[in-house]
Amino acid sequence: MSDHNPIEDALGKLRPAELDPALMARLSAARPRRETQGQKSAWSGMLLRWLLPLAASACVAWMTFFLLEHNRADNANGAEPKDVASAAAPLPVESQDYLVSARPVGIIVAPNQQPYRLMDVEWLEYQTVRAGANGPALHTATTRRDVIPVALELY
Amino acid sequence: MHNEPSSDEWRAWLRRSGPRFLLYARQQTRTRSDAEDVLQDALVESWKRSGGMPADALVFSTIRRRAIDLARSNDRRHVREEEAGAPDTEWFSPDVEERETQHLLEEAVKSLQPIYREVVTLKVWGDLTFQEIAEATGVPLNTAASRYRYALDGLRDALKGVVL
């Protein structure tokens, strides 16, 4: 390639059109920013939003456990052995999952260049088991943690 | 986390490199509004991905990918705007002294096949090396270089008789 190609020289004289004021203003406004205070508050708000259900669920679970233990103690004192046996093999009758917390742990970029935010989420599995049709209900609450990818739109 | 550019830094970068990026975006999209959308998305994404001021090659490749994504997802809007006859403004700043020659040259550039015009744009106004052009466009280095030569030949033929 010649260093003095007249076509290249002529092309070099062309200057791309300047950004018009409206576009310049628009792009200026699109300046990347760190996570704003509002976004941080949103995370805090979300945690608080889930904190209340978590506390309520834990309270219900504790009270249920307390009552069942109390009931079991009563049964041990006077109930028939058959009832005790059936209570030892409870069957799940209801189950509900509650999202307790969601915490961002990082961002990955997939091979297709799509970024994903990895979220560490914690679930409260709230299960009701009952021994027989008329047996006492037992409520259990266990936690489960997952890391899930969430597609991230970049703007 | 990315480094947040200051307002002055961001605007200076836009003034310095924005015209080159916009030129490429307009060649990669069908309408001016699409080009501006793609440009904005690509600038922000490139800055975030590089954690600071991005290399030009990254911005060009991001513009290219965003334009392809837009073309795939937004055909209906393109058709509507094209039917409305959205005007296409000049790609280059007018030069009062050489206006006629520049107009002919601009028309010659616009008449190039997109694959050749893209390489010329990235080489001449994007200041990319052939290696960077190859990476940005996903073609082998030799292909990028030969496309550039073909493009210059095409422009030379189109401008035969014009004093440059």
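# Close-up views of a predicted two-chain model

View 1. Thr140(A) is partly exposed, with 15 other C-beta atoms within 10 Å. (A residue is buried if 20 or more other C-beta atoms lie within 10 Å of its own, exposed if 12 or fewer, and partly exposed in between, with C-beta atoms placed from the backbone.) The structure is a predicted model in which local features need pLDDT of at least 70 and side-chain atom pairs count only at pLDDT 80 or more, while totals for chains, interfaces and linings use all residues. Residues are numbered from 1 along each chain as its sequence is written, and chains are lettered from A and ligands numbered from 1 in the order in which they are written. Thr140(A) belongs to strand S3 (residues 137–151) of chain A; helices (H or I, at least four residues) and strands (E, at least two) are DSSP runs, numbered from the N terminus. Setting aside neighbours within four places in sequence, Thr140(A) contacts Gln127(A) and Val129(A), where a contact means C-beta atoms, placed from the backbone, within 7 Å. Look also for Pro92(A): 48 residues away from Thr140(A) along the chain, its C-alpha atom is 10.0 Å from that of Thr140(A).

**View 2. Chain A as a whole.** Four helices and three strands make up the secondary structure of chain A, in the order α-α-α-α-β-β-β along the sequence. Buried residues are 6% of the 155 in this chain. Of the contacts in chain A with a separation of 6 or more, 63% join residues 24 or more positions apart. How confident is the predictor in chain A, by mean pLDDT? The mean is 75, and 71% of the residues reach 70 or more; pLDDT is the predictor's confidence in each residue, from 0 to 100. Where pLDDT is low, the predicted coordinates should not be read in detail.

View 3. Chain B has eight helices and zero strands, and 38% of its 164 residues are buried. Among its contacts between residues at least 6 apart in sequence, 65% join residues at least 24 apart. The largest nonpolar core contains 44 residues, and Ala25(B), Leu39(B), Ile63(B) and Val120(B) have the most contacts inside it. (A nonpolar core is a set of buried Ala, Val, Leu, Ile, Met, Phe, Trp, Tyr and Cys residues joined through C-beta atoms within 7 Å.) At least two core residues come from each of several helices, including H1 (6–13) of chain A and H1 (7–28), H2 (32–50) and H3 (56–73) of chain B. Domain 1 (1–88) and domain 2 (90–164) of chain B each give at least three residues to this core; the domain bounds come from an automatic or database domain assignment. Zoom in on Ile63(B) and you will find Phe21(B), Tyr24(B), Ala25(B), Gln28(B), Val38(B), Leu39(B) and Ala42(B) touching it, not counting residues up to four places away in sequence.

**View 4. Where the chains meet.** The contact involves 35 residues of chain B and 26 residues of chain A. On the chain B side, H1, H2, H5, H6 and H8 each supply at least two residues, with the largest share, nine residues, coming from H1(B). This side divides into 19 nonpolar, six polar and ten charged residues. (Ala, Val, Leu, Ile, Met, Phe, Trp, Tyr, Cys and Pro count as nonpolar, Asp, Glu, Lys and Arg as charged, and the others, Gly among them, as polar.)

View 5. Among the buried ones are Tyr116(B), Arg117(B), Glu118(B), Val120(B) and Trp125(B). What covers them includes H1 of chain A together with H1, H3, H5, H7 and H8 of chain B.

View 6. Asp127(B) sits in the loop between H6 and H7 of chain B. Is Asp127(B) buried or exposed? Asp127(B) is exposed, with 12 other C-beta atoms within 10 Å. Its phi is near 60°, a positive value in a residue other than glycine. In H7(B), the buried residues are Glu132(B), Ile133(B), Ala134(B) and Ala136(B), and their cover includes H3, H6 and H8 of chain B. Just after H7(B), Gly138(B) takes a positive phi of about 75°.

Technical notes: Two residues are in contact if their C-beta atoms, placed from the backbone, lie within 7 Å.
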